[in-house]
Amino acid sequence: MLVDYDPTWPQQFEAAADSLRSSGDPRWLIEHIGSTAIPGMTAKPIVDVAVRIADHADFDHHRPSLERAGWRRGSSVRTHPVMLFERDGKRLRIAHFFTPNQWSDAHQRVLRD
């Protein structure tokens, strides 16, 4: 379902980034990606974020604390880890975790800013 642009999406992104940094690594670079990152654009009301991790061991190390914060592993994507955040059965956020080698080529980062 697509909805009109929601001016609270940037704040929802900041909340997602804060959650990821506080339960993961505060040094992670986190970007708002996808259609909710484009002001004025109609979008699915799910905030997508890209997280640059050091390597997959970095993700594995922080995964338990991310799960305690309400994130869960999900998606059929095989190229990088993906975690979902849901509330009351409704998907609110999706986090894509990329290594530095994947960062500049990640097509998920095309829609941003």
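Which residues is Ile94 in contact with, once I leave aside its neighbours within four places in sequence? That was what I wanted to know when I opened this predicted model.

**Entry 1: Ile94**

I went to strand E5, residues 90-98, and found Ile94 there. Leaving aside neighbours within four places in sequence, I listed its contacts as Ile46, Val47, Asp48, Val49, Trp71, Val82, Met83 and Leu84. Next I looked up how covered Ile94 is. Its relative accessible area is 13%, and buried means under 20%, so I wrote it down as buried. I also checked Ile94 against Ser75: they sit 19 residues apart in sequence, and their C-alpha atoms are 9.3 Å apart in space.

**Entry 2: the whole chain**

Then I stepped back to see the protein chain as a whole. I counted three helices and five strands. Reading from the N terminus, I get the order α-β-β-α-β-β-β-α. The radius of gyration is 13 Å, close to the 13 Å that the globule rule gives for 113 residues, so the chain is as compact as a globular protein of that length. Along its principal axes, the C-alpha trace spans about 40 × 35 × 25 Å.

I looked up burial too, and buried residues make up 44% of the 113. For the accessible surface I noted about 6400 Å², with 51% of it belonging to carbon and sulfur atoms. Taking contacts between residues at least 6 apart, 55% join residues at least 24 apart.

The chain has 15 positive and 15 negative charges, and their mean positions are 4 Å apart.

Where does Ser23 lie? I found it in helix H1. At 9% relative accessibility, Ser23 counts as buried. A polar atom of its side chain lies 2.5 Å from the backbone oxygen of Ser19. Beyond neighbours within four places in sequence, Ser23 is in contact with His62, Ser65, Leu66 and Ala69.

From there I jumped to Arg63, which lies in helix H2, residues 56-68. The C-alpha atoms of Arg63 and Ser23 are separated by 8.7 Å, although the two residues are 40 apart along the chain. Arg63 is partly exposed, with a relative accessible area of 28%. Setting aside neighbours within four places in sequence, I noted that Arg63 is in contact with Arg73 and Met83.

**Entry 3: Asp25**

Is Asp25 buried or exposed? I looked it up: Asp25 is buried, with a relative accessible area of 9%. It lies in the loop between helix H1 (9-23) and strand E1 (29-33). Its side chain reaches the backbone nitrogen of Arg27 at 2.8 Å. With neighbours within four places in sequence left out, Asp25 is in contact with Leu20, Asp58 and His62.

**Entry 4: Thr36**

I moved on to another loop, the one between E1 and strand E2 (47-52), where Thr36 lies. Its relative accessible area is 1%, so I put Thr36 down as buried. The side chains of Thr36 and His32 are joined by a polar contact of 2.9 Å. Leaving out neighbours within four places in sequence, I wrote down these contacts for Thr36: Tyr5, Trp9, Ala43, Lys44, Ile46, Val47 and Asp48.

I also looked back at Ser23 from here. Ser23 and Thr36 are 13 residues apart along the chain, and their C-alpha atoms are separated by 23 Å.

Last stop for today. I found Arg87 in strand E4, residues 82-87. Arg87 is partly exposed, with a relative accessible area of 47%.

What is phi of Asp88 near? I read a value near 55°, which is positive in a residue other than glycine. I made a note next to that one: most residues other than glycine have a negative phi. Asp88 is found in the loop between E4 and E5. At 80% relative accessibility, and with exposed meaning over 50%, Asp88 counts as exposed.

Notes: Residues are numbered from 1 along each chain as its sequence is written. This is a predicted model: local features need pLDDT of at least 70, side-chain atom pairs count only at pLDDT 80 or more; totals for chains, interfaces and linings use all residues. Side-chain values use heavy atoms; hydrogens and water are left out. Helices (H or I, at least four residues) and strands (E, at least two) are DSSP runs, numbered from the N terminus. The radius of gyration is taken over C-alpha atoms; the globule rule is 2.2 Å times the number of residues to the power 0.38. Buried means under 20% relative accessible area, exposed over 50%, partly exposed in between (1.4 Å probe, protein chains only). Contact means heavy atoms within 4.5 Å. Accessible areas come from the Shrake-Rupley method with a 1.4 Å probe; for residues, only the protein chains shown count as cover. Lys and Arg count as positive and Asp and Glu as negative; His and the chain ends are not counted. The place of a charge is taken as NZ of Lys, CZ of Arg, CG of Asp or CD of Glu. A polar contact is a pair of N or O atoms within 3.5 Å; within protein, one must be able to donate a hydrogen and the other to accept it, and residues adjacent in sequence count only if both atoms are side-chain atoms.
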